[in-house]
Each structure stands twice: as C-alpha cells, then as structure tokens.
Amino acid sequence: MLYLYNEIIYRPILNVLVSLYNNIPGQDIGIAIIIITLALRFIMAPLMTKSLKGQRAMASLQPKLNEIREKFKDNKEGQAKAMMDLYKENNINPLASCLPLLIQLPVLIALYQVFSKALNANLNGLYNFVSNPGNLDPRFLNLIDLSQPNIAFAIIAGLAQFWQSKMMLSWQGNNVSTEPTAKMISMQMTYILPIVSVFIAWNLPAGLPLYWIVTTLFAVAQQYYIMKKYPLNEPATK
C-alpha cells in the first residue's frame, strides 16, 4: 500500500513540483506550488462539481427531511426508512459528496510531505529525467520563506475557509437540517473549523497554507459557479 502511495501520488507530485521549479523563470517555489495546486484542482474539478451538486440536492430536500424527522421523531427505524425512500425517489446518494474529500486526503498528505522535504533539500525520489536542483530557494516572490511558518498565510487560509463555508450556508438558506447534531456540525464547519485551521497552519511550513489558500479560493469560484447554475429552486440534473 505504501509503495502504491509513493509511486502513484507522492513521487509524481514531487517530480512535477521540481520540474516546474527548474523551468519557471527565477525558480520561484511559490509559483510552482500555485501551478501544481491549480492543476490538481482542475483534475479533480469534475468530482468536486458532482459533490457540490450532491450537497445542493441534499439541501433542496431538507424541508422534506425535516418533516420526516418530525413525523417519525419517536420511531428511528421508520425515520431511517422514510429518508432512504426519499433519497431513492430523488436519485440521491447521501454519501456521494464525501468521495472528493476522501480522494483529497492522500493528496493533501503527499503535498505536505513533498513541500516539507523539498523545502529542506530532501529530493529523494526524482525520476532520472528530472534534474536535481540541489537546494531549493524557499522564498516566494523573494519575500516569504515558505519553509517557515507564516502567520499572515495561516490567517488568510482560515479566512478563505470561513468564506467558503459561509457561502455554502448562505446558499442553503432556510433549507438546513433541524436535527441538532447536523446543525451543530454545520456551525462547527462554518465558525470553529476555520479557527482550528489557523492554529494548525500557524505551525506548518508556509508552503502548506499557500496551497490551502489557492485550493480554497478555487473551490469558492467553483462553488459560486454551481450556485448560479443550479439554484435551489431548480433540479440539479443539467
């Protein structure tokens, strides 16, 4: 399993990053990180679009789901069956929106390892046709050392995540779950998770928050497009 992870995810990302660094004028590692981040987002765009459409479809069903919860509040088995029937009737898989997150996780881990090792001159795993530049200059735009934590990047990453979550919450409007656990999770995702992300990013090499900023802003743009194309009062089958 580790071998497959190294060969399919880690090494390709490492080699693409180093190749970009070698060929970008000025050898700016920050620009290389931005390019590889955008490339990965474009590759995963169809999956993310499907995930967002699934979340939109789930939001459109929330009024009916709330009715089911109220109707079967003393019958959990009947509640679960009624919900599954509703999902089936509307051709919705409630777990479909989780798939892109599961796919992103190993990629995020690989990026963390690549950035951490590459910025510390550990370039083991380069292909024969990729030139080893030796020590990579960690400076972004000759100003920010991406091998060291950066408070500003950490805060921007948290704010970008808050913007994305707030946009989704606004899009759902009144079509939110009345189930206490679901409401609590929604509030945590919107307000608490960005704060936690800031504290985590605060202690990571700035290359990671830079990646998170770019990927979140891309997600915001994609989310905005889906919101405009599939408003809640229209079917998400286009």
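View 1. Leaving aside residues up to four places away in sequence, N6 touches R11 and P12, where a contact means heavy atoms within 4.5 Å. N6 belongs to helix α1; helices here are DSSP runs of H or I with at least four residues, strands are runs of E with at least two, and both are numbered from the N terminus. With a relative accessibility of 26%, N6 counts as partly exposed, the class between buried, under 20% relative accessible area, and exposed, over 50%, as found with a 1.4 Å probe and protein chains only. The C-alpha atoms of N6 and A110 are separated by 8.5 Å, although these residues are 104 residues apart along the chain.

**View 2. The whole chain and the confidence of the model.** This is a predicted model, in which local features need a pLDDT of at least 70 and side-chain atom pairs count only at pLDDT 80 or more, while totals for chains, interfaces and linings use all residues. Residues are numbered from 1 along each chain as its sequence is written, and side-chain values use heavy atoms, with hydrogens and water left out. The pLDDT, which is the predictor's confidence in each residue on a scale from 0 to 100, averages 83 over the chain, and 88% of the residues score at least 70. Confidence is highest in strand β2 (residues 144-145), with a mean of 93, and lowest in helix α6 (residues 180-202), with a mean of 78. Over residues 234-238 the pLDDT is below 50, and this stretch has 10 contacts in the model beyond near neighbours in sequence. The chain contains 7 helices and 2 strands, which follow one another along the sequence in the pattern α-α-α-α-β-β-α-α-α. Of the 238 residues in the chain, 42% are buried. Among the contacts in the chain with a separation of 6 or more, 78% are between residues 24 or more positions apart.

**View 3. The packing of helix α1 against helix α2.** Two packed helices are described by the angle between their axes and the distance between the axes. Helix α1 (residues 2-23) and helix α2 (residues 29-71) pack at an angle of about 130 degrees, with their axes 9 Å apart; axes are lines fitted to C-alpha atoms, for helices over the stretch in contact, and angles run from 0 to 180 degrees between N-to-C directions. The two helices, α1 and α2, are therefore oblique to each other, since angles under 35 degrees count as roughly parallel, over 145 as roughly antiparallel, 65 to 115 as roughly perpendicular and the rest as oblique. The crossing of α1 past α2 is right-handed, a term used if the near helix is turned clockwise from the far one by less than a right angle, with left-handed used if the turn is anticlockwise. On the α1 side the contact is made by I13, V16, L17, L20 and Y21, and on the α2 side by I29, A32, I33, I35 and I36. The residues of this contact divide into 10 nonpolar, no polar and no charged, with Ala, Val, Leu, Ile, Met, Phe, Trp, Tyr, Cys and Pro counted as nonpolar, Asp, Glu, Lys and Arg as charged, and the others, Gly among them, as polar.

**View 4. The packing of helix α2 against helix α7.** Helix α7 (residues 207-229) packs with α2 at an angle of about 35 degrees, and their axes are 9 Å apart. Here too the crossing, of α2 past α7, is right-handed. Residues of α2 in this contact include G30, I33, R41, F42 and K53, and those of α7 include G207, L210, Y211, F218 and I226. The contact of α2 with α7 divides into 13 nonpolar, 7 polar and 2 charged residues.

View 5. L119 is found in the loop between α4 and β1, and its relative accessible area of 10% makes L119 buried. Not counting residues up to four places away in sequence, L119 touches I29, V114, P138, L146 and S147. From C-alpha to C-alpha, L119 and G207 are 8.7 Å apart in space, and they are 88 residues apart in sequence. S165 lies in helix α5 (residues 151-172) and is buried as well, with a relative accessible area of 15%. With residues up to four places away in sequence again not counted, S165 touches M189 and T190.

View 6. Most residues other than glycine have a negative phi. The phi of N91, however, is positive, near 55 degrees, and N91 sits in the loop between α3 (76-89) and α4 (99-118). N91 counts as exposed, at 73% relative accessibility. For N142, phi is also positive, near 60 degrees, and N142 is found in the loop between β1 (139-140) and β2. N142 counts as exposed, at 56% relative accessibility.
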